[in-house]
Structures are given as C-alpha cells and as structure tokens.
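Please work through the exercises below with the structure in view. Try each task before reading its solution.

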Amino acid sequence: MSHNKITVASQSPDASGNVSIDVSNMSDVNISTPSDNQVLQYSTASSEWQNQTLSLGSGLLVLGQGDADAYSNSGASSMSGAVYLYAPSASIVNTFGATITKYLATDWVTSITLPAGNYQAMITYRVEFSSSGYFNFGLTNTAGTIEYTSRAYIGEDRTTIDNAASTSLGYFELSSDTTVIIHNDVSSGVDTVANQGNTPSEFSTLMIRKV
Amino acid sequence: MSHLLNSVNNVKSSTDGNINLGLSSLISSPSNDDIVGIDASGDAKKLSMGASVGTPVLSYVTQLGGWGGSPTVTEGYNVFLRGASCTIEENATLVTRHTIGSPQWLSGWTLVAGNYLMLASWAFSTAGGGDCNAQFYNQTSSSYVGPKIHFETGSFSNRLIYYTSISSNTRFEIRARDVNSVGFFDSTSMFACTIQIFKI
C-alpha cells in the first residue's frame, strides 16, 4: 500500500504509523556540533537554519571619553541650544552605523544621525559657571523640540535644580533615520564659550545602546 | 487513506513518497540572521536578532552600614567600597575583584582581554566644602582613563561611562583627582556608589 512508502523529512512511520521528527531532520536545518543555549539562525547565503551562539555587543555608540580640548574650538557661539561633545576618532565606539557630524576639521561632534531603531541613551555633561547657577541638557531633535531623553540639571544652584537628576536618560523609537543633538534650553550663570576651557570635553559623555 | 498524507504544512510528497519538510514551512520568508522562536500561541515565529547589551561581568551595589572610617580624600586616592553584605553579581571567568582586609573592601578589579563598557555612579561627601573629581584608573599602565566626574556643593553629573578594549589582563580602579579640600568618603556617599561592567 502506498502509505508504507510515505516518509516525512525522510523519517519513516513506526509500527503504529507515527512519524517522529526532530528539528535536525528538517530539510533546511543544518546543525553542526550543537552546544547549550545556541539558537537556530537563518542564512540567506545557504538558505539554511544553522545553529549559532548568539552574538552580543553589536549596538553601542560612545562619544566623549575624557580627551581634552578647549570648547572654544567647537564652533559653538553660545552655551545654549545645541551643545557639543569632543570625540577624537580613535575614542569613538560606533557599532550600529550612526553618522557622526563634526565641526569643520575638529573632533567636536555637533550632531548624530541614528538609523531607524529602538535606543536607550545616557548623557553626562559639565560646563563651567561664572556664578552659582544651573544648566540643563538632554537628547533632542535638531530643533530642540522633541525630547528623546530626560533633561538633566547640573550646577550649584540647588534651589532651582531641586532634586533633578544630573544624568540624562531615555528610551526612544525611531521609524526612520533621525538626526539628534545634545540640547540646552534653560541655564543661569553659565560662563562664556571662551571661558569653558577643557571642561566640556573632559567631563561629558554620550552613550547610546540599540535595543 | 494514503492520499491524506500527501502533504504536511503544504509541502507535498515527492515521487519517492518523502515529504521533504523544512523548518521554513513553519515560518514565512525568513531574512538573513533571523532566529526562530515562538509566539504567544506557541507557534514558530521568526525573530530579528535585535540588539544586545553585552555580557554582564560585574555588578557591585553597596549596602549601608558597617562603615567606621573617615579617610580624607587626597590626590590620587584609590577609593574603595565596603565589601561585606553588598549585592555582587560577577562572571568570575572575566573579572577578578581585588579586596582589602577582612571586610573585603573593594579596591579594584582585573578584567581579561576583551571589549568592555564600564559604568559607575559615584559620590563624595562635600559637606565640609571643597571639590574634587574622580576618574577610572588603569593600574596596569598607571594612567587615568575615560571621562571625569565632578563633586562640589550642588549637583553635577556623577556617572562614569567608559569603553575600553584591552588585549591582556588589566587592573582598573576609581581614583579621586584635582582634590581641593574635599571632605571625606562617608557612609552616606558610599551607599550611593555602584559599578556595572559589561563585556561587549
């Protein structure tokens, strides 16, 4: 009878007519020396599902690792609106293909274009003050009108700052490539661009994880 | 009847009677690097790899209590953290903690070769006035590394974010810098300290 010839994934039925199939019997699965906690990952090159150890660490951007340079070289005309990060190329970690824009031939980063995706961001920043005051910062669109992280506040004026966090944090989802900046919108007592010295470069960091 | 077994998941039998079933018969149009998982119904589902946050190496959360010292923070002071009763998660194949004394104060840590993201939240007591900075310190190369953080009356970013790629075992610490009459590291400020390290 024809049913005696039928096999599924090359596995024949047993005496009771049952066909037992393992995932490795599937025609498009190629499992070689499996180990614990591996997954099956699709390869378009071979049109196969292959066992792989999950590859970690592919979604990280870090700008600002303590290198020293005067803020007066950044191209900034004031300490409000867009503020910049100092990131020589050798110190940049960029594993998800962000486009980093710098001021002229300097290593001052003025904006970052992120590919579509989901991100978690963390920012630390420091400026010099000429008097007891405060300064806020957060990640926004280029106009400073869409907030991607919380506004963090720093400064000696604790009355105004109240108990606001001094590190900016946020999670955001981008449906298309988006250019972002570090943005300040309120401040008091912040010293001039010329008087900032190396402080913004040595104390400021942006970290973005693609999640 | 035998013709009822002519296909499985719409994969038809070939002339030799075999139904050449593939995993892709359960999953439509997988893309390169997709992995297989299940959905809420338990059915096979293709999943994008998405992102990773790295392999946890060390998480050190201090606990209040047991502090009995009042060390004066001086230039290059190698800060240490209470070792007893802390919440510590670590991958001992990647990190070795360096400790001092019977309470096992944490004074540094050695990482094996690899790429790491090191995060630390820190605090110093500035109740007595003064100010100072802090920074990661590569004890193996005797050099300060990464951004600084600042402490004085007020509020300043006190989160260290540092990425490092090391080719051999390297010992790191956190040290005080640019010290200007800062007070000391007391139990309250110590309670605010935490370190997280991820292998990337």
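The exercises that follow go through a predicted model.

**Exercise 1. Describe the overall build of chain A.**

Solution. 
- Start with the secondary structure. Chain A has two helices and 17 strands.
- Next, take the extent. The C-alpha trace spans about 95 × 40 × 30 Å along its principal axes.
- A compact globule of 211 residues would come to near 17 Å, whereas chain A has 27 Å.
- Now turn to burial. Of the 211 residues in chain A, 36% are buried.
- Finish with the contacts. Take those between residues at least 6 apart in the sequence of chain A: 63% of them join residues at least 24 apart.

**Exercise 2. Find which parts of chain A supply the side that touches chain B.**

Solution. 
- Count the residues first. On chain A, 53 residues are in contact with 42 residues of chain B.
- Then list elements that each supply at least two residues to this side of chain A. Among them are strand 1 (7-8), strand 5 (60-63), strand 11 (117-124) and strand 13 (152-154). Helix 1 (158-161), helix 2 (199-203) and strand 17 (205-210) also belong to the list.
- Pick out the top contributor. Strand 3 of chain A gives the most, with five residues.
- Sort the residues on this side of chain A by kind. There are 25 nonpolar, 20 polar and eight charged.
- Look for strand pairing across the two chains. Strand 1 of chain A is joined by two bridges to strand 3 (residues 18-19) of chain B, and the two strands run parallel.
- Name one partner pair. A:Val8 has B:Ile19 as its bridge partner.
- Close with the scores. The model has ipTM 0.71 and pTM 0.74.

**Exercise 3. Trace the five-stranded open sheet of chain B and explain which strands stand at its edges.**

Solution. 
- Check the confidence in this chain. Chain B has a mean pLDDT of 83, and 86% of its residues reach 70 or more.
- Recall how sheets are held together. Strands pair through backbone hydrogen bonds, either parallel or antiparallel.
- Read off the order. In chain B the five strands follow 7-6-15-10-13, with antiparallel pairing.
- Go to the edges. Strand 7 (87-90) and strand 13 (159-166) of chain B each have a single partner strand, so one side of each lacks a neighbour in the sheet.
- Zoom in on one pairing. Four bridges join strand 6 (residues 55-61) of chain B to strand 7 of chain B, and these strands run antiparallel.
- Name a partner pair here too. B:Ser59 has B:Glu89 in strand 7 as its bridge partner.

**Exercise 4. Locate A:Asp162 and B:Ser142, and decide whether each is buried or exposed.**

Solution. 
- Begin with A:Asp162. Its phi is near 60°, a positive value in a residue other than glycine.
- Place A:Asp162 in the chain. The residue sits in the loop between helix 1 and strand 14 (168-174) of chain A.
- A:Asp162 has 10 C-beta neighbours inside 10 Å, so A:Asp162 counts as exposed.
- Move to B:Ser142. Here phi is near 55°, again positive in a residue other than glycine.
- Use the cut-off once more. B:Ser142 has 7 C-beta neighbours inside 10 Å, so B:Ser142 counts as exposed.

Methods
Residues numbered from 1 in each chain as written. Chains lettered and ligands numbered in written order. Predicted model: local features only at pLDDT ≥ 70, side-chain atom pairs only at ≥ 80, totals over all residues. Rg over C-alpha atoms; globule rule 2.2 N^0.38 Å. Buried ≥ 20, exposed ≤ 12 C-beta atoms within 10 Å, placed from the backbone. Contact = placed C-beta atoms within 7 Å. Nonpolar A, V, L, I, M, F, W, Y, C, P; charged D, E, K, R; others polar. Pairing = 2+ DSSP bridges. pLDDT = per-residue confidence, 0-100.
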